[in-house]
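Here is a short report on one structure. Please look through the sequence and the model first, then read on.

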Amino acid sequence: MKYHTLGHTGLLVSELCLGTMTFANGEGMWKPIAGVDQKGADQLLKSSFNAGVNFVDTADVYTNGESEKTLAQAIRNVGIARKDIVIATKVFGRTGPGRNDVGASRGHIMDAVDASLKRLNTDYIDLYQIHGSDNVTPIEETLHALDTLVFQGKVRYIGCSNWYAWQMMKALGISELKNLARLDTLQAYYSIAGRDLEREIVPLLKDQGTGLLVWSPLAGGLLSGKYSRENQKPGDSRRSAFDFPLVDKERTWRILDVMRPIAQAHNTGVATVALAWILAKPFVTSVIIGAKREGQLQQNLAAADLQLTADEIKKLDDVSSLPPEYPGWMIPFQNINRLEDVPRI
């Protein structure tokens with residue numbers, strides 16, 4: 001297991017992070033996703049921690065807060081010292097019927113953080129993330145609230161999730177100008193079947209030193225090995241009941257055609273190859289893995305030990321590459337000889 005700094009900080013987190021969206025029983029959209037009871041959660045956390053995972057991710061909306069409670073109990077049951085585990089949670093989604101029980105306003109953030117601290121049975125949250133882009137609340141208000149939480153010691157680092165590149169850059173500029181705590185991470189969807197992040201956001205992350213936490217690295221189970229061009233709706237898969245995130249299926253079948261022989265050459269599954277491909281990207285801080293069963297977890301953990309060859313990575317890069325979009329094709333063209341103009345010292 002490798003460890004990376006959490007963005008532009010000194011905190012070390014494992015390259016694999018245990019996601020807990022599967023913890024506890026859920027209703028509505030959570031029903032096909034969750035369902036791991038306390039005993040199962042204990043085992044998943046224990047196996048992950050023993051494999052070197054020191055990073056866990058949850059959110060106040062996962063199974064209506066029950067995920068945070070189950071995670072807290074699992075940490076106690078497994079006997080992990082608080083200082084030895086990095087806990088990330090999120091705020092934004094609806095947590096009650098009130099008009100202000102949702103969003104990234106100062107009011108909701110201040111209420112939500114105390115509720116999460118209570119459910120997690122902890123005095124502080126290592127990484128507190130704004131779970132979505134709020135079209136109502138000014139970014140300045142959100143940043144001031146997060147800065148207050150850092151000052152109070154309730155939160156140690158801050159991040160966001162599912163934001164546009166321009167919103168992140170605006171937030172980073174405001175933090176710099178007003179000396180506020182800055183966003184250390186972005187949690188975003190990224191997979192070999194969905195590389196849109198590389199257009200605008202990855203260049204921003206590289207430039208600003210912001211960490212990337214990847215959610216749904218298996219494209220909602222589409223890269224789990226259960227799906228194929230011939231079997232597009234296996235009955236025992238989560239995506240069959242909850243078709244998310246959005247993916248170009250035909251493109252994915254072409255990617256899987258290349259992945260399967262690579263997986264066979266390494267005597268592993270396509271899910272492990274999909275995760276190893278992401279781990280090979282230098283801009284990735286940690287990949288969030290979720291599981292309902294021990295076997296799934298072990299398949300995911302195996303990615304930390306799988307070293308793809310340069311030729312294998314090139315094949316996967318080529319088959320999954322994004323079509324060029326303006327100005328993505330114009331800027332490289334105009335800079336083709338730019339380095340020749342720069343004097344060498």
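## Salt bridges and where they sit

Lys 154 and Asp 114 form a salt bridge, with their closest N and O atoms 2.9 Å apart. The term has a cut-off: a side-chain nitrogen of Lys or Arg lies within 4 Å of a carboxyl oxygen of Asp or Glu. This pair links distant parts of the chain: Lys 154 is in the loop between α4 (139–152) and β7 (155–161), and Asp 114 is in helix α3, 40 residues apart. Helices (H or I, at least four residues) and strands (E, at least two) are DSSP runs, numbered from the N terminus.

A word on the source. This is a predicted model, in which local features need pLDDT of at least 70 and side-chain atom pairs count only at pLDDT 80 or more, while totals for chains, interfaces and linings use all residues. Residues are numbered from 1 along each chain as its sequence is written, and side-chain values use heavy atoms, with hydrogens and water left out.

How many salt bridges does the structure hold? There are 14. One of them joins Arg 119 to Glu 68, with 2.6 Å between the closest N and O atoms. Arg 119 lies in helix α3 (residues 106–120) and Glu 68 in helix α2 (residues 66–78), so this pair ties together parts that are 51 residues apart in sequence.

Another salt bridge joins the side chains of Arg 229 and Asp 257, at 3.3 Å from N to O. Distant parts of the chain are linked here too: Arg 229 is in the loop between β9 (211–215) and α7 (238–241), Asp 257 is in helix α8 (residues 249–265), and they are 28 residues apart. There is a network of salt bridges as well, and it links Arg 229, Glu 250, Asp 257 and Arg 260.

Are these residues buried or exposed? Buried means under 20% relative accessible area, exposed means over 50%, and partly exposed is in between (1.4 Å probe, protein chains only).

| Residue | Relative accessible area | Class |
|---|---|---|
| Glu 68 | 0% | buried |
| Lys 154 | 24% | partly exposed |
| Asp 114 | 38% | partly exposed |
| Arg 229 | 33% | partly exposed |
| Asp 257 | 40% | partly exposed |

## Rings

The whole structure has 5 aromatic pairs. Tyr 190 and Phe 283 form one that is edge-to-face, with 5.8 Å between centres and 65° between planes. Rings of Phe, Tyr and Trp (its six-membered ring) pair if their centres lie within 6.5 Å; planes under 30 degrees apart are stacked, over 60 edge-to-face, and the rest tilted. Tyr 190 is buried at 0% relative accessibility. Phe 283 is buried too, at 13%. Together with Trp 277, Tyr 190 and Phe 283 form one aromatic cluster.

Which residues lie over the ring of Tyr 124? Arg 82 lies over its face, 4.0 Å from the ring centre. The charged end of Arg 156 sits over the ring of Tyr 124 at 3.6 Å from the centre. For a charge to sit over a ring, NZ of Lys or CZ of Arg must be within 6 Å of the ring centre and within 35 degrees of the ring normal.

## The barrel

Finally, the strands. 8 of them close into a barrel, in the order β3-β4-β5-β6-β7-β8-β9-β10, with parallel pairing. Two strands pair if DSSP finds at least two bridges between them. β9 and β10 run parallel and are joined by 2 bridges. Val 214 stands opposite Val 287 in β10.
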